[in-house]
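Below are my notes, in numbered points, to read alongside the coordinates.

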Amino acid sequence: MLATAEEWVKAGVTLLQYRNKVADAGVMLEQARAVRSLIVGQQSRTGAPAPDQHPASYSDVKLIMNDRADLCLAAEYDGVHVGQDDLSPESARRVVGVSRWLGLSTHNPEQVSVADQTSANYVAIGPVFATGSKANPDPVVGLEGIRRARELTRKPLVAIGGITRQNCQAVIEAGADSVAVISDLIREPGKSAEEFLRILG
Ligand code: TZP
Ligand code: MG
């Protein structure tokens, strides 16, 4: 996990989410802290990015904890991401405070409209396409789901679910501000991250 995270960051990825649906809280915290140490350690070691690093490397990387506001604080992350079955946005905000980021997942237009009225810093919409990375995913929303979401909120819109180097351009053209990716970043972490950023840059 740490080697993969390091490759992504070196390639220029600026936001990482720690997501773990199976481990105990203690293990999650330990792993999440290890990711943070990697990022912070590199920041303090290098100061300015080294010549072989992408300009955004390390110093601009945001760390987001999935699901758990308590672990966001314990691991000193920059924000928490909640879904429809987690703490409500208001409750998560109460835990993490006003300075940290709060992300909120949505899966249909009604949820996007509600999310727009919360204090969430960004709204995720998905799954855009079929995904094998989530248990019991909601129905796919497609590019049309992104267009509809774009009409319903001016908050930063993150598209998620089945997004690849092949389809990411279309996802942005449909109105997303950014993409969240698992599968298509795993096999060749550095190479695929660079390709995503080149396509989207
Ligand atoms: N929420 C909606 S789809 C998804 C999550 C967490 C998984 C996205 O992973 P992949 O492999 O990029 O489809
Ligand atoms: Mg969740």
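1. Let me begin with rings: those of Phe, Tyr and Trp (its six-membered ring) pair if their centres lie within 6.5 Å, with planes under 30 degrees apart called stacked, over 60 edge-to-face and the rest tilted. By that rule, a search of the whole structure finds zero aromatic pairs. One ring does have a charge over it: Lys62 lies over the face of Trp101, at 4.7 Å from the ring centre. Here a charge sits over a ring if NZ of Lys or CZ of Arg is within 6 Å of the ring centre and within 35 degrees of the ring normal.

2. A word on the ground rules. This is a predicted model, in which local features need pLDDT of at least 70 and side-chain atom pairs count only at pLDDT 80 or more, while totals for chains, interfaces and linings use all residues. Residues are numbered from 1 along each chain as its sequence is written, chains are lettered from A and ligands numbered from 1 in the order in which they are written, and side-chain values use heavy atoms, with hydrogens and water left out.

3. Now the metal site. Which residues are the protein donors of the magnesium ion (ligand 2)? They are Asp67 (OD) and Asp86 (OD), lying 1.9 to 2.2 Å from the ion. Asp67 belongs to the loop between strand 2 (62-66) and helix 3 (69-74), and Asp86 to the loop between strand 3 (79-82) and helix 4 (89-96), so the pair ties together parts that are 19 residues apart in sequence. Donors are N, O and S atoms within 2.8 Å of the metal (3.2 Å for Na, K and Ca); water is not among the atoms, so sites may look incomplete. Helices (H or I, at least four residues) and strands (E, at least two) are DSSP runs, numbered from the N terminus.

4. Are these two aspartates buried or exposed? Asp67 counts as buried at 17% relative accessibility, whereas Asp86 is partly exposed at 27%. Buried means under 20% relative accessible area, exposed over 50% and partly exposed in between (1.4 Å probe, protein chains only). The backbone of Asp67 also deserves a look: its phi is near 70°, a positive value in a residue other than glycine.

5. Glu76 has a positive phi too, of about 55°, although it is not a glycine. Glu76 lies in the loop between helix 3 and strand 3 and is partly exposed, with a relative accessible area of 46%.

6. On to the other ligand. The residues around ligand 1 include Arg19, Pro127, Lys134, Gly161 and Val181, where being near a molecule takes a heavy atom within 4 Å of it.

7. From Gly126 to Pro127 the bond is cis, with omega near 0°. Pro127 lies in the loop between strand 5 and helix 6 (142-152), and this proline is one of the residues around ligand 1.

8. Two loop residues have polar contacts within the protein. Asn20, in the loop between strand 1 (15-18) and helix 2, is buried at 16% relative accessibility. Its side chain contacts the side chain of Tyr18 at 3.0 Å and reaches the backbone nitrogen of Ala23, also at 3.0 Å. Thr118 sits in the loop between helix 5 (109-116) and strand 5 (122-125) and is buried at 12%; a polar atom of its side chain lies 2.7 Å from the backbone oxygen of Ala115.

9. C-alpha to C-alpha, Ala32 and Ile64 are 9.5 Å apart in space and 32 residues apart in sequence, while Ile64 and Arg100 are 9.4 Å apart in space and 36 residues apart in sequence.

Technical notes
Polar contact = N/O pair within 3.5 Å; in protein donor to acceptor, adjacent residues only side chain to side chain.
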